[in-house]
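Morning, everyone. I'd like to walk through some helix and strand packing today. Have a look at the model first.

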Amino acid sequence: MVASVTERAVVDGLRELGLSSSSSVVVHASLRSFGRVEGGAEAVCRALVEVCGTVLVPAGTWDATRVPGPPGLTRPHNAYVGATTWAEFDDALAHATPFAPDLPVDRGLGQIAETMRQRFPHERGAHPLLSYLAVGTHARHLVEAQRPDWPLGPFEALADLDGDVLLLGVTHTSDTAIHLAEQQLGRSRFHRYAKAAPGVWMELPNIPGESHRFDDIAPDLAAATRSVLIGECRALRVAIRTVLAAARRRILADPAALLCGDPACRCGAALQQRLGHLADPARAREGATASRPGPAR
């Protein structure tokens, strides 16, 4: 029988990764990966907050706030089929919930993110689909970097802080920083829709796409990744700037890098976005030379 994991063991493991009160991290985590944790998700959250100066977690509310696109609204290479009738759209809008700071985090993002929302003083962005939540020294700075038209802004702010990606029992398929590298190069920029208020919907650009091929980047990051086992959880730490640089190198060398070849997948639309970006000489030069391009014009 595997021994349960204590909060102290999580603290010790995080410190073994070199994390400290000066560290700012974005955390993607699976509580189940640890095995049995004494104190559950709250113990893991306490350990993160004790060790790290700033902790950023995804806090999206897609399940509650999203609506289909209205009939007839299409975007090139958007990989999306909206409502077929206004009756269908109106029904979906009526049943959706406008974003509010106290909305629960989507269940698919895990218990650790939702526990951080429930139990710890935090700052939370207000993106209607893809908010982020932060605790600690630079919490407000990180969430204020997010705009409705640029949801991955907190990752740019984290890079400015020389922050890290912390993967707890998950792989780079959960590493949202790679989506930022894609978007800086004109790829994986989708439009999606959310309820803004009763009877009101909004279109939101630059929603990222698929990530199921992101583990292809792991060999590029191996030398720069620190790893430790905490219980049954493989914990990985890598600088976010290193992740961004590695992803950019791959995509600059091959527009289809980190994408699958399934024609029914959003990866195909993301590739077409990148090819369109390359066809615009000014934007292609911007993507190849700028370290932090802004949102799409």
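This is a predicted model: local features need pLDDT of at least 70, side-chain atom pairs count only at pLDDT 80 or more; totals for chains, interfaces and linings use all residues.

Helices α1 and α2 cross in the right-handed sense. Residues are numbered from 1 along each chain as its sequence is written, and side-chain values use heavy atoms, with hydrogens and water left out.

Back to the pair. α1 covers residues 7–16 and α2 covers residues 40–51. Their axes come within 9 Å and cross at roughly 40°. Axes are lines fitted to C-alpha atoms, for helices over the stretch in contact, and angles run from 0 to 180 degrees between N-to-C directions. The two helices are therefore oblique to each other. On this scale, under 35 degrees is roughly parallel, over 145 roughly antiparallel, 65 to 115 roughly perpendicular, and the rest oblique. Helices are DSSP runs of H or I, at least four residues; strands are runs of E, at least two; both are numbered from the N terminus.

Who touches whom? On the α1 side, Glu-7, Arg-8, Val-10, Val-11, Leu-14 and Arg-15. On the α2 side, Ala-43, Arg-46, Ala-47, Leu-48, Glu-50 and Val-51. Contact means heavy atoms within 4.5 Å. By class, that contact holds 7 nonpolar, no polar and 5 charged residues.

Next, α7 and α10. α7 is residues 153–160, α10 is residues 240–253, and their axes come within 8 Å and cross at roughly 115°. Phe-155, Leu-158, Ala-159 and Asp-160 of α7 meet Ile-240, Arg-241 and Leu-244 of α10. Is Ala-159 buried or exposed? Its relative accessibility is 10%, so Ala-159 counts as buried. Buried means under 20% relative accessible area, exposed over 50%, partly exposed in between, with a 1.4 Å probe and protein chains only.

Now strands. β1, residues 24–29, has 5 of its 6 residues buried. β1 runs parallel to β2, residues 54–58, joined by 3 bridges. Val-26 has Leu-56 as its bridge partner in β2. Strands pair if DSSP finds at least two bridges between them.

Last, an open sheet of 3 strands: order β3-β7-β8, antiparallel pairing. Arg-66 stands opposite Ala-194 in β7.

Terms used: A crossing is left-handed if the near helix is turned anticlockwise from the far one by less than a right angle, and right-handed if clockwise. Ala, Val, Leu, Ile, Met, Phe, Trp, Tyr, Cys and Pro count as nonpolar, Asp, Glu, Lys and Arg as charged, and the others, Gly among them, as polar.
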